[in-house]
Amino acid sequence: MTRSESDVLHGAQHSADDLDQRAVAWIRDRLTGTGVGVLGERAWLDKNLAGSITDKGLGVADAWKVFTDVVAPNNIGVDSDRFLAFIPLSPSVASVWMDAVCSAANFGAESWFEGAGAVSAENQVIDLLIRSAGTPAGAAGCFMSGGSIGNLSALAVARDQAPGRRVVVVADTAHASVDNALHILGLEALEVPTGPDCRLTGEAIRATVGERRDIAAVVAAGGSTNAGVVDDLATCADAAEELNAWFHVDGAYGLTAMLLPELRARFNGIERADSFIVDPHKWMFAPAGSCALVYKQPWLARAVHTQHGPYIDVLRTDDDAYNPCDLGYQLTRRSSGLPVWFALALHGLDAHRSAIRCGLALAKRMAAALDACPITELVMQPELGVVLFRRDGWGKSEWGDWAAALLRDGIAFVAPSTYRGEPIGRLVFMHPSTPDSIVDELMASLTGDSLVGDTAR
Ligand SMILES: *Cc1c(COP(=O)(O)O)cnc(C)c1O
């Protein structure tokens, strides 16, 4: 047997048989929509997956059966149009297929040298964000795998611009990944309390900072995760400037809303950010694993993130080489911006804007229904797609029962939250296919006692 004949993993001799047809059929079906899913049980999963890796392999039919019977059904449908928790995912059909193509192609998106075509296409999206934000000429960016890596990468650059200053101003509403990044980078968070509206302002920053002059960076949110509130970016930028500090905007969840002309003014001040991030896998309808990271002065990022070594310096024969890996923490990387570019190229911006508006409209409808109901109350009017609310007499355990009942009945996947320590209901509307009827279904679950009563019994 020659070496190539013995390789069943690749090429003409592969023994994956009709896996292609199975996979395509599965993906097609998934793209017609999926339910809320289930919470997997560890013991059952362990038992049913034990022995699935053998010396000789199970073959296509059996391996695929384990996937379809054991693995696939035991997850929450994060991409379901009834997933209303955390920040949902709602990848477009076009972006999913292009993501599958990227899996096959493995474009070397870490460097221009390997992946010029893919990186160029990704940069079309980066340029769109730069234009939309109004970041001055010279700005550039890259895609990373997610907002956490994006925040870490940007804050690493911020740190190195302020030697000796170790303190970073963050809102009490900042995403947990910001705190994690600061910890990893050896920086210290100075937490600024936001008011009842959960909005960080320059005034609040000044009040907390006082006379301190050891601030390296100010982090604001272009849509906070828990409440979907856009910080007052313009006054935060003023405060950062006064402190001679880096200004980073974490727009992982909400910054895509700046693509809507009617919402652009809410993000005023974004043009002054030294760095900002957007997660296209959130409100730009891309598959999981993408973050667009932009720097006003990308050369500062290059000085921090460029990796050196005898095997890698070839990537930088040209001083101007556009290597995404020089701008962020990740080296080998999927071309996670390519599906974003492709869906934008295929459908255009307007279709994406309309899809964003669906979530905004549904959040408004839900808010109106909660407002009109005597036993429910909004914590605040939704600014983006997040709705926070109270229900008379409900505390932590009732919210938990409510979430369990909605999941059990396949109505929605929700995750209760807190507002200033108080247990509350939280819903996030994003998926353009979420049916309008969900408002009535959710109101019934909050007002009629049948749903929650059943679980509690
Ligand atoms: C989701 C989110 C993050 C983290 O992004 P990942 O892609 O999950 O790593 C950071 N900041 C904000 C505001 C977010 O909503």
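**Before you start**

This is a predicted model: local features need pLDDT of at least 70, side-chain atom pairs count only at pLDDT 80 or more, and totals for chains, interfaces and linings use all residues. Residues are numbered from 1 along each chain as its sequence is written, and side-chain values use heavy atoms, with hydrogens and water left out.

**Whole chain**

Show the cartoon. The protein has 16 helices and 11 strands. Helices (H or I, at least four residues) and strands (E, at least two) are DSSP runs, numbered from the N terminus. The C-alpha trace spans about 75 × 65 × 40 Å along its principal axes.

Switch to a surface. Its accessible area is about 20,500 Å², and 54% of this belongs to carbon and sulfur atoms. Areas come from the Shrake-Rupley method with a 1.4 Å probe; for residues, only the protein chains shown count as cover. Of the 457 residues, 51% are buried. Buried means under 20% relative accessible area, exposed over 50%, and partly exposed in between.

**Stop 1: Asn48**

Select helix H2 (residues 42–49), which holds Asn48. Asn48 counts as partly exposed because its relative accessibility is 29%. A polar atom of its side chain lies 2.8 Å from the backbone oxygen of Trp44. Leaving aside neighbours within four places in sequence, Asn48 is in contact (heavy atoms within 4.5 Å) with Val66 and Val70.

**Stop 2: helix H12**

Select residues 338–347. Leu338, Pro339, Val340, Ala343 and Leu344 are buried here. Their cover includes helix H4 (93–105), helix H5 (112–133) and strand E1 (140–144). Just after H12, Gly348 takes a positive phi of about 90°.

**Stop 3: Glu383**

Go to the loop between strand E8 (376–378) and strand E9 (386–391), where Glu383 is found. Is Glu383 buried or exposed? Glu383 counts as buried, because its relative accessibility is 14%.

Now show Arg199. Its side chain makes a polar contact with the side chain of Glu383 at 3.0 Å. A polar contact is a pair of N or O atoms within 3.5 Å; within protein, one must be able to donate a hydrogen and the other to accept it, and residues adjacent in sequence count only if both atoms are side-chain atoms. Beyond four places in sequence, the contacts of Glu383 also include Gly228, Val229, Val230, Arg266 and Leu360.

Note on methods: Buried means under 20% relative accessible area, exposed over 50%, partly exposed in between (1.4 Å probe, protein chains only).
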